[in-house]
Amino acid sequence: MMMQETTKTIDLPKMRVTESDKLREWLVCSVETDEMFPTVQNGDELNVNTRKDFKNGDIVLFYDEKNEKVIIRRIYYLNGCVAFTSDNGRYEPIICNSEQKLNEFFYIGKVMNIGRYIKK
C-alpha cells in the first residue's frame, strides 16, 4: 500500500514554511531575510528539525511574539542569559536576561541543512 504524502503550507512573517504530514518533525523553509548573511542567504531553503535540541552556536528559528515575526539566529547561553546573534553585523544581538523576555519567543526548530540554488 502506497502512502500518500500531504503538504500543508503555513505562512509566517518573512518565511514560507511547508510541513509534511508524513514527517511532522521536519519543516522546509524558504528564507526571505539577510539576518544570517553570509551563512544563510535570501532564497535559501532550510531543513528544520522541530524536535531536535540545540546547543550554543546552533542556528535556530524562533517566533518573536512581540514583533510578530520569525527570526533566524545563532543561540548562545551566557551567564544565565540567552543571546540570539546574527552572522550579519547589521543586526544587533537579542539578549534575554529575564524569563519574561524569553517567554516572548517560541522555539520552532534547529536548522539542520541549508540548500542553495546556484544561478548560472
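**Exercise 1: aromatic pairs**

Find how many aromatic pairs the whole structure holds, and classify the pair F54 and F62.

*Solution.* Start with the source: this is a predicted model, in which local features need pLDDT of at least 70, side-chain atom pairs count only at pLDDT 80 or more, and totals for chains, interfaces and linings use all residues. Residues are numbered from 1 along each chain as its sequence is written, and side-chain values use heavy atoms, with hydrogens and water left out.

Step 1. Rings of Phe, Tyr and Trp (its six-membered ring) pair if their centres lie within 6.5 Å. Searching the whole structure this way gives 6 aromatic pairs.

Step 2. Planes under 30 degrees apart count as stacked, over 60 as edge-to-face and the rest as tilted. For F54 and F62 the centres are 6.2 Å apart and the planes stand at 75 degrees, so this pair is edge-to-face.

Step 3. Now check exposure, where buried means under 20% relative accessible area, exposed over 50% and partly exposed in between (1.4 Å probe, protein chains only). F54 has 22% and is partly exposed, whereas F62, at 6%, is buried.

**Exercise 2: a pair across the chain**

Describe the geometry of the pair F84 and F105, and say which strands hold the two residues.

*Solution.* Step 1. The centres lie 5.0 Å apart with 45 degrees between the planes, and the pair is tilted.

Step 1. Strands here are DSSP runs (E, at least two residues), numbered from the N terminus. F84 sits in strand β7 (residues 81-85) and F105 in strand β9 (residues 105-115), 21 residues apart, and the pair thus links distant parts of the chain.

Step 2. Both F84 and F105 are buried. Ring pairs also join them with F54, F62, Y77 and Y107 in a cluster.

Conventions
Helices (H or I, at least four residues) and strands (E, at least two) are DSSP runs, numbered from the N terminus.
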